[in-house]
Amino acid sequence: SSARGALCFPCRPPLQRAPHSAEAMEDLSKLTVPQLKEKLKDLSLPVSGAKADLIARLQEHLDKSKDGAAGSDEKPAEADVEMKDGEGDATAAKEEGDADAVETKGEEKDVEMKQEEEPKPAEPEEPKELEEDAPQDKRPRMAKGVVEIGSPPDTTMNVLPARDGKVLMSLADGGFRHLAAAARCNTGVKAGRYLYEVRILESKNLADDGKVRSKQSCVFGFTTADSSLFLGSGPDSAAFDSEGYYIAGSDWTKGKLFPRFSAYNKVYGVLLNLDPASPNCNTVSLFCDGERLCKPQQLPESLKGKALFPTVNYKNMTLQVNFGPVGLANMPFKCRMLQDAATADVEVRKSKQPVGGKKEVVFPVSLPDEGSFDWLSGYLKQNPQFTELSNRSVLEWGLKSGLYRNRNAWPSCNDKPSMDFGVKEIDEYFLHGMIRSLAPMLPRDYVVMEVKGNLLAEERRRAVAEFSPDEFKRVAVVLMGEPPADVKAKTHAQLLEEKKAKVARDVRQKKVMELSERKKAKKAEEEAAAKKAKEEAEAKKKEGEDGAKDEEKEGGEAEEEPAAQAKAEEKEEEGPSEESEIEEAIRQAQEAVTLTDEEKAQWFPKVQTEDLPKKELGRMFGSFSIPTKEEGFDEVRFEWSQESEASKHMRNWVLERKATFLVKGLKPGPWFQAKYDLWKSERNQLRDKHLAFLDRKKKEGAAATEGELVVDLASVSDIFDADGRGTPLYSNFKYEDWLLLGWRYELHLLAHAFVDDVADEDIPGIPENHVPFYFELYFGTKFSPKEKLGVSGGVAAVMQLLREPVHLAEGSNPGAPKILRSSLEKDAPLSAFVKGVEAFRRDRKRRLEAGDESAQLSFPKPAGKALPAKAAPKGLRAAGGAAPAKALPAKAAPPGLVKAAAGHAAVRPPITKAAPPGLRKPIVKAAAPDASLKRPAPPTGPPGGSGGGAPPAKRPRPPASFVAAAAAGKAPIAKRKPPTAPHA
């Protein structure tokens, strides 16, 4: 029957489909999942599920397709063999029923799969390119070769253009590899849609010995005509960074929009669309080999309506820049290059032709902190074709190139700011020297801004000689004297704003404190009221019943909510009112702020960062001068005032600095050394004569201070023998008098020696606040009047105490500080100083006798140096007869001691041993019971003496009764410790 069935139904699925299904299943299993999904997608079938489900779904579809084709193309064959009528009909009916069931089941399964797949959205289609082909334009177009890039002043100094600007290279040695090179095209787009292309020809990997490694990077975009050359450093730029970011003004996108740029074989196109009819108007787009890298990016508002110039920045790279008219890459739409632009859509900048065919080099000459850098900023804004040559420009260049300064950078000045980039060539100012040597080879206009160098004649001559007179016009611009009205107005506006800001801070702080105190007082009142209400409520609760208590409690809880809400609302209303109150107080206070007459007379504002360090200024300001044509300048231009006024202004400025700055490199001269040595010799002679006089008086039996020497000071010719009997004029000097003599003499020497060593008629003496510095410089000891004279108040207080001959005199210029002067001649003898101190002593004595206690001098006396303590010899007490610091334990009396009666101390027999080495006689010697003990007495003499005074007085012996009482009340003497142990 099987054979018959096969013959009778050759095309039925159960018989014909089996071998084909196995073969198809084997073929489908060899496909990958993506391939299977692609086939299902082509057949509009679901693509979800595992690989087995995908194969089964695809196989089922193939089977259905084959069955449909077989049923339509083939007709049923007639039976060759007779069959039974009932058997054939039953079999056919059964087969038809099975087929219908299978078909129904398959349809239900397909419906279920479709329902499962319906909620999932379809994959998004690629966005349609909105840029269309450029229409035909019959307007006049730009001439060939007009568009160019790489010409000054629209390039940095490290740009090296080649092949008429089509290739841009850069310098790399001497620190240049850390600085970005920037170039701007001379043609800007005002309207329409235009493209330019850039190819990275070379990416240099340069070795670096510094802390910061040089990197390779580039940025392509557009800037305005007078904006910075560095993309991303200001609001007037829009660009694409090589790392994948878009920069709109100074804002960078949060994430990367495209992969990092590749070198050598990729062409990057930057498209600017300013066409108002385009949906991408006011956008900039980036393409790589004709394919869009990101969607169009909006231009910043500051760029709209302005001519935009193609600009490129690059570091350690070589670029090929193509402006057309034919592009390097095929774009997906027809687009015109910049060189093919209509003349009405672009703006071409033409460089200014120099007067006389020469470039100009300007040397601004200005005094420090008198608006030199403010003038420079305004000059560069009015003359953008000039390039600044200064350390300040190198610092700004490094910051705009992506370098970072050390946070702990040392304070610096404007003329030579500290770099602190971690790059040796830049931090040590080597790069600035390379730029200065490179500048004369690049024909462009320069401003050489060196505050110190432009004020020194020798530095000016050297700088001017670097620029050839055949190619450059050397101009010195003198900025001295009274500045123009606009400069003074700007200064006054800045001073007024600073005063207003300070007033605002003070008023705000005061009002905040007042409001805080007000809140505290209010809070204290509320707490007191709440406490009182609580006490009253508790008293009522105690009197009421339990039910009433519950009702009151519920009522109180109900009332707490609106009370809390009212308090919150009051707090919300209170905040803005307080702030408005503060702002109103600040506004009223600022309206009352005005400039004083002194501030209105000020020409320049106070700078936060000085132009030159004080140390360097103090060393060099005496050599500052005004430039002349003899130094090599083609022109000396006085910008603010005439030459005479400028010279006068500089002269006064120098005099003020001489009166306030220390003289660097000053050393004591030979005159001072000789006079100081003479003073030390005379001081020793005074001391020796005084001690000899005291010794003679003691030998004669008279007191040293007996009687007052009464002689006329003017008639004394010999201070060592004032009365003709050997009495010195200073016989009655005390410690205070000797100290006054030394201070007077030394300050007199200092006043004359300084003037002699400085040898500058503009410095007539030492300024008051510089006296301590020069005193230490000349005498090698600190100027400390409080420790030695007991006076505080500085130099003025010392002058008031000494009276003469030194004093503080008025300076040579109005407003200059007082200076130290001496009323005595330069070579005044010692007798003049001794007579002056003696006269001062007599005047003080007279005033004291009259009851004037203010005439009493009380100088602090230096404490004597204590000698180092030594251990006492064995068997002896410490020096001065003091007992040991720690008592030793009592032991049995050694042999030779007689035991004392009860209540009495033992008595040691007399010591008869030889004295310890170094002593001339025993400390204790045998004596009668009532004899006292002898101890060596310290030497005595006049205060401050060197030991040459009267012989030491003997210490008086105590009475015998005192020694007996002391012996009776003491315990037996304990045995001494071994010699190896330290003794008190």
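**A helix pair and its surroundings**

Mentor: Helix α7 (residues 391–400) and helix α9 (residues 430–438) pack with their axes 10 Å apart and at an angle of about 110 degrees. Helices here are DSSP runs of H or I with at least four residues, strands are runs of E with at least two, and both are numbered from the N terminus. An axis is a line fitted to C-alpha atoms, for helices over the stretch in contact, and an angle is taken between N-to-C directions on a scale from 0 to 180 degrees. The two helices α7 and α9 are therefore roughly perpendicular to each other, given that angles of 65 to 115 degrees count as such, while those under 35 are roughly parallel, those over 145 roughly antiparallel and the rest oblique. The crossing of α7 past α9 is right-handed, a word used when the near helix is turned clockwise from the far one by less than a right angle, anticlockwise being left-handed. On the α7 side Asn-391, Val-394 and Trp-397 make the contact, and on the α9 side Leu-431, His-432 and Ile-435 do so, where contact means heavy atoms within 4.5 Å.

Before going further, please keep in mind that this is a predicted model, in which local features need pLDDT of at least 70 and side-chain atom pairs count only at pLDDT 80 or more, whereas totals for chains, interfaces and linings use all residues. Residues are numbered from 1 along each chain as its sequence is written, and side-chain values use heavy atoms, with hydrogens and water left out.

In the loop between α8 (424–427) and α9 lies Tyr-429, whose phi is near 60 degrees, a positive value in a residue other than glycine. Most residues other than glycine have a negative phi. With a relative accessible area of 23%, Tyr-429 is partly exposed; buried means under 20%, exposed means over 50% and partly exposed lies in between, with a 1.4 Å probe and protein chains only.

Once its neighbours within four places in sequence are set aside, Phe-624 still touches Pro-368, Leu-455, Leu-456, Leu-612, Leu-617, Met-650 and Trp-653.

Elsewhere in the chain, strand β15 (residues 317–322) deserves a careful look, for 6 of its 6 residues are buried, so it is largely enclosed by the rest of the structure. Met-317, Leu-319 and Val-321 point one way from β15, while Thr-318, Gln-320 and Asn-322 point the other way, and all of them are buried. In a regular strand, side chains alternate between the two faces of the sheet. Two strands pair if DSSP finds at least two bridges between them, and β15 pairs with strand β5 (residues 193–203) in the antiparallel sense over 6 bridges, with Ser-203 standing opposite Met-317. Strand β2 (residues 167–170) is also antiparallel to β15, over 2 bridges, and the partner of Val-167 in β15 is Gln-320.

On its own account, β2 is joined by 4 bridges to strand β1 (residues 159–162), the two running antiparallel. In the loop between β1 and β2 lies Asp-164, with a positive phi near 60 degrees, and at 76% relative accessibility Asp-164 counts as exposed.

To place these parts in the whole, the chain holds 22 helices and 24 strands, and 36% of its 984 residues count as buried.
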